[in-house]
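Here is a short briefing on one protein chain. Look at the structure, then follow the points below.

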Amino acid sequence: MVAIENAFESTDPFTPEARHIVVVSGGLGDPSQSSMLANRLASATTDALSHLGVVPEVEVIELRLLATDISNALIAHNNSPALQKAIDQVMQADGVIAVSPTFKASYSGLFKSFWDLIDEEEFAGTPVLLGATGGTARHSLVIDQAMRPLFAYLKALLAPMSVFAASDDWGLVEGGSESTRTTPIHHRIEQAGTSFANLLEGRPARPRAKVDTEPGELEVIPFEQLLNS
């Protein structure tokens, strides 16, 4: 377990151009379309940051793994160590990529419950790139009608571009059925990632909490491995 102290320090002086990105995926399956979209958006953003000479640091939060902890926190007002670590990661992020599946024309309950635990005053000004998935393109307004108001309440700095992916969008990329959309999903992801990278590069890195780790306690999974899993 990683111990995170309350005292804040500057970003690693050896990588002053680094940007810390936290990916929050509300997908419930393993794998899921939401996780796939979140990872593709993160990959596009990190590629664009690298071209700008900025070192990307990515952490991925799968909300399905925290479902019980989130429910307990809402009822008992007591965060588990794993949930608190996820909240701390979001609070310290230079940018957040948030993706939810579409349930009943809105974000999922699990996705909303996690963000209910985030303090909007501390989160204020954090750049956020939004993404959503659904069965058909009929749900594509979920980002504008549901997600943007939620993150506006959290006082986030919303990226102007967002990405909705329907099931047939992935068919166009992977060789399945042709998408009903005029712009292929991989082009929209690349454009959104590049735009988000430019937004992050134009802002200074945020202070990071000092992290103490004991040898053998933390397993670091390369982002490329997450993409290929």
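Ala132 stands opposite Phe164 in strand β8. The model behind this briefing is predicted. Start with the strands, then move to a pair of helices and the whole chain.

**Strands β6 and β8**
- Strand β6 covers residues 127–134.
- Four bridges join β6 to β8, and the two strands run parallel.
- Strand β8 covers residues 163–166.
- Val163 and Ala165 point one way from β8.
- Phe164 and Ala166 point the other way.
- All four of these β8 residues are buried.

**Helices α4 and α6**
- Two packed helices are described by the angle between their axes and the distance between the axes.
- Helix α4 spans residues 109–116, and helix α6 spans residues 142–153.
- Their axes come within 11 Å and cross at roughly 10°.
- Angles under 35 degrees count as roughly parallel, so α4 is roughly parallel to α6.
- On the α4 side, Phe111, Lys112 and Trp115 make the contact.
- On the α6 side, Met147, Leu150 and Phe151 make the contact.
- Five of these contact residues are nonpolar, one is charged and none is polar.

**The whole chain**
- The protein chain holds nine helices and nine strands.
- It has 229 residues, and 44% of them count as buried.
- Its accessible surface comes to about 11500 Å².
- Carbon and sulfur atoms account for 52% of that surface.
- Among contacts with a separation of 6 or more, 81% join residues 24 or more positions apart.

Note on methods:
Residues numbered from 1 in each chain as written. Predicted model: local features only at pLDDT ≥ 70, side-chain atom pairs only at ≥ 80, totals over all residues. Heavy atoms only, no water. Buried < 20%, exposed > 50% of the residue type's maximum accessible area, 1.4 Å probe, protein only. Contact = heavy atoms within 4.5 Å. Areas by Shrake-Rupley, 256 points an atom, 1.4 Å probe, with all protein chains shown as cover. Axes fitted to C-alpha atoms, helices over the stretch in contact; angles between N-to-C directions. Parallel < 35°, antiparallel > 145°, perpendicular 65-115°, else oblique. Nonpolar A, V, L, I, M, F, W, Y, C, P; charged D, E, K, R; others polar. Pairing = 2+ DSSP bridges.
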